[in-house]
Amino acid sequence: MRVGAIDCGTNSIRLLIADVEPASGALRDVVRRMEVVRLGRGVDRTGRIDPERMAAAVAMARQYAAQCREHAVAAVRFVATSASRDAENAADFISGVEDAFASAGFGVSPEVISGAEEADLSFRGATGDLRAAAIPGPYLVVDIGGGSTEFVRGEAHVEAALSTDVGCVRLTERHLHSNPPTAAEIAAARADIEAAIDSALAVVPFAGVQALVGLAGTVTTVTAHALGLPEYRADRIHLTALPGNEIRAAGGDLLTMTRADRAALPFMHPGRVDVIGGGALVWSAIVERIQAVAGDVPVVTSEHDILDGIALSAAGGSH
């Protein structure tokens with residue numbers, strides 16, 4: 001069954017068109033793309049989606065709808081996450097996306113999902129390849145977005161999950177204003193992160209996990225830096241397992257670089273240059289805490305995440 005999956009987050013919007021075997025959950029990419037539209041810019045401060053950012057996201061949705069029509073997909077699911085949960089004018093965005101897909105012949109309405117469902121979809125999308133690669137669980141899956149970070153523990157299914165309001169865009173806008181950030185700015189951001197990790201630990205046990213699994217652009221970029229890649233290579237990054245100390249060192253390096261130095265890195269997406277420091281700080285703090293609680297478990301990076309979970313749910317018809 002050919003499906004279209006769209007994940008619209010705080011920083012980026014992504015499309016996956018895939019052929020899915022619903023019974024086995026096997027998924028073959030037809031189209032996979034990502035654009036940074038920064039839908040959540042300023043939402044933490046104003047409570048509203050900026051009109052310019054909304055227009056950019058809707059224009060991209062129109063392109064995605066055209067590709068879904070071109071590839072004759074049978075079902076489309078469009079999921080919106082943190083920025084759309086937090087914005088009082090999210091209804092205008094939803095209406096714009098509905099019109100964009102209607103013009104391509106699809107009756108698609110964006111679903112502003114809860115943090116709990118975001119966690120479930122992320123886990124579903126990430127863990128199939130882990131099991132296939134014989135990476136043992138239980139897993140702690142961490143999805144770092146622009147506005148929120150999801151913590152999910154499980155093996156064959158979700159056992160515990162929590163969504164927290166820390167992410168690379170939110171923390172950068174709140175605290176990291178200098179180039180590079182000052183020690184005081186980093187300490188203020190770190191306090192928010194530690195509070196979020198404390199909240200997660202109260203719900204999601206870290207002890208006993210066999211692998212820490214990181215998802216999304218912040219994590220894949222930190223891994224690319226840790227590997228010293230001469231360009232962004234998803235095939236090199238996917239399922240890479242590194243010691244926690246190497247991840248923390250790479251994250252600390254990205255956080256303390258100047259903007260120009262980050263922009264010059266050959267694997268760095270231009271849309272991540274301004275916010276990767278905040279994301280790297282989140283990831284480094286989580287790795288440090290898991291080391292303290294569960295020991296030196298491998299830190300695995302997955303290129304498959306909520307987008308794959310959305311595609312599987314579209315094929316299965318169960319949300």
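These legends describe an overview and several close-up views of a predicted model.

The model is predicted, so local features need pLDDT of at least 70, side-chain atom pairs count only at pLDDT 80 or more, and totals for chains, interfaces and linings use all residues. Residues are numbered from 1 along each chain as its sequence is written, and side-chain values use heavy atoms, with hydrogens and water left out.

**Figure 1**
Helices (H or I, at least four residues) and strands (E, at least two) are DSSP runs, numbered from the N terminus. Along its principal axes, the C-alpha trace spans about 50 × 45 × 40 Å.

**Figure 1. Five strands make an open sheet in the order S3-S2-S1-S4-S5.**
Its pairing is mixed. Two strands pair if DSSP finds at least two bridges between them. S3 and S5 (111–112) are the edge strands, each pairing on one side only. S4 (residues 75–80) and S5 are parallel and share 2 bridges. Here Val 79 stands opposite Glu 111 in S5.

**Figure 2. S2 and S3 form a hairpin with 4 residues between the strands.**
S2 (residues 12–21) and S3 (residues 26–36) pair in the antiparallel sense over 10 bridges. Ile 17 stands opposite Val 31 in S3. In this hairpin, Gly 25 takes a positive phi near 80°.

**Figure 3. Helix H2 (residues 51–70) lies across strands S1 (2–8), S2, S3 and S4.**
H2 runs at about 20° to S2. Axes are lines fitted to C-alpha atoms, for helices over the stretch in contact, and angles run from 0 to 180 degrees between N-to-C directions. Contact means heavy atoms within 4.5 Å.

**Figure 4. Six strands form another open sheet, ordered S8-S7-S6-S9-S11-S10.**
The pairing is mixed. S8 (158–164) and S10 (240–242) are its edge strands, each pairing on one side only. From one strand to the next, the twist averages 20°. S7 (residues 149–154) and S8 run antiparallel, joined by 6 bridges. Gly 154 stands opposite Val 158 in S8. Helix H12 (residues 276–294) lies across S6 (139–144), S7, S9 (211–215) and S11 (299–302), at about 165° to S6.

**Figure 5. Helix H10 (residues 244–256) packs with H12, their axes coming within 8 Å.**
The axes cross at roughly 155°. That makes H10 roughly antiparallel to H12. Angles under 35 degrees count as roughly parallel, over 145 as roughly antiparallel, 65 to 115 as roughly perpendicular and the rest as oblique. Among the residues in contact are Ile 247, Gly 251 and Leu 255 in H10, and Ala 280, Trp 283 and Val 287 in H12. By class, the contact has 8 nonpolar, 7 polar and 2 charged residues. Ala, Val, Leu, Ile, Met, Phe, Trp, Tyr, Cys and Pro count as nonpolar, Asp, Glu, Lys and Arg as charged, and the others, Gly among them, as polar.

**Figure 6. Helices H5 (residues 115–132) and H13 (residues 306–316) pack at about 90°.**
Their axes are 6 Å apart. That makes H5 roughly perpendicular to H13. Glu 118, Leu 121, Ser 122, Arg 124 and Gly 125 in H5 meet Ile 306, Asp 308, Gly 309, Ile 310, Leu 312 and Ser 313 in H13. The contact has 4 nonpolar, 4 polar and 3 charged residues.
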